[in-house]
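Subject: Structure handover

Hello,

Here is the structure I promised to pass on. Please have it open while you read the notes below.

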Amino acid sequence: AGGTLTEAGRYASGMSVPVTATTNPGYTLTGWTGSVACSGTALTCTVTMNADKTVTATFSQEFTLTTSSNLAVGGTISAGGRYASGTIAGVTANPNPGYTLTGWTGSGACSGTVNPCTVTMDADKTVTANFSQEFTLTLIANPVVGGTIAGGGVQASGISANIVANATPGYTFSDWSGACSGS
């Protein structure tokens, strides 16, 4: 079902005979075997006739990996295309400046925020990189010697940041200003 080879026949000694594999739709040539020096995945193999020879083309089913991102401005995603059955495809999300990878969706094996992720091509698969804009949360203690504040830094859009104020001995926390209010 994977494809065909050019017709076999009888040839004069010393003759170079090109053997061509033609793949059927949905298949790829994964290699050559037999009593010849053919190797690799080129669709044509040249056989020098100095004895009886056997040539076998090994075909494998191909599957499509479709990749995309949820935000066109958020970044790019590598990989995608057609792969031989059993191939491990590495998929990498490349966030643009100011964006972060918040997770993967689709029918592939990517999950969480592991980047790059690997997909075993045993069926047609889709992988979507979900990007989110990042913002910087800057924390300032006033006065600086009055205490410390934890929970700032770069945060993905929509994330609720937990901010904790710790007063230095001799000081008490009085109130928040800026994005937080109250005491």
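pLDDT is the predictor's confidence in each residue, on a scale from 0 to 100. You need that term because this is a predicted model. The protein averages a pLDDT of 89. A score of at least 70 is reached by 99% of the residues. Among the elements, strand S9 (residues 93-95) has the highest mean pLDDT, at 95. Strand S14 (residues 153-156) has the lowest, at 82.

Overall form

The secondary structure comes to 15 strands and zero helices. The radius of gyration is 30 Å, while the globule rule gives 16 Å for 183 residues. The value is well over the rule, so the protein is more spread out than a compact globule. Look along the principal axes as well: the C-alpha trace spans about 100 × 25 × 20 Å.

A three-stranded sheet

Start with the open sheet formed by three strands in the order S1-S2-S4. Its pairing is antiparallel. Which strands stand at the edges? They are S1 (3-5) and S4 (44-48). Each has a single partner strand, so one side of each is left without a neighbour in the sheet. Neighbouring strands here are turned by 20° against each other on average, direction ignored. S1 and S2 run antiparallel and are joined by three bridges. For a detail to find on screen, take Leu5, which stands opposite Ala21 in S2.

The largest pocket

How much space lies in the largest pocket? The figure is about 520 Å³. Its lining has 25 residues. Nearest the centre lie Ile140, Ala141, Ile149, Asp175 and Trp176. Strand S13 (147-150) and strand S15 (164-167) each supply at least two residues of this lining. By type, the lining divides into 14 nonpolar residues, 10 polar and one charged.

The second largest pocket

This one holds about 410 Å³ of space. It is lined by 19 residues. Ala8, Gly9, Tyr11, Met49 and Lys53 lie nearest its centre. Which strand gives the most to this lining? Strand S2 (residues 16-23) does, with three residues. S2 is also part of the S1-S2-S4 sheet, so to speak a link between the two topics.

Backbone details

Three places in loops deserve a look.

- Asn115 and Pro116 are joined by a cis peptide bond, with omega about 5°. Pro116 is found in the loop between strand S10 (99-105) and strand S11 (117-120).
- Asn142 and Pro143 are also joined by a cis peptide bond, with omega about 0°. Pro143 lies in the loop between strand S12 (125-137) and S13. S13 is one of the strands that supply residues to the lining of the largest pocket.
- Ala79 has a positive phi of about 80°, although it is not a glycine. Ala79 sits in the loop between strand S6 (75-77) and strand S7 (81-84).

Where to begin

Then move to the largest pocket, with Trp176 among the residues nearest its centre. Finish with the two cis bonds, Asn115 to Pro116 and Asn142 to Pro143.

Best wishes

Notes. Residues numbered from 1 in each chain as written. Predicted model: local features only at pLDDT ≥ 70, side-chain atom pairs only at ≥ 80, totals over all residues. Heavy atoms only, no water. 1 Å grid on protein atoms, 1.4 Å probe; cavity = no way out; pocket = protein on both sides within 12 Å on 5 of 7 lines; lining within 4 Å. Points joined across faces, edges and corners; volume = space filled by probe spheres on them. Helix = DSSP H or I, 4+ residues; strand = E, 2+ residues; numbered from the N terminus. Nonpolar A, V, L, I, M, F, W, Y, C, P; charged D, E, K, R; others polar. Pairing = 2+ DSSP bridges. Axes fitted to C-alpha atoms, helices over the stretch in contact; angles between N-to-C directions. Rg over C-alpha atoms; globule rule 2.2 N^0.38 Å.
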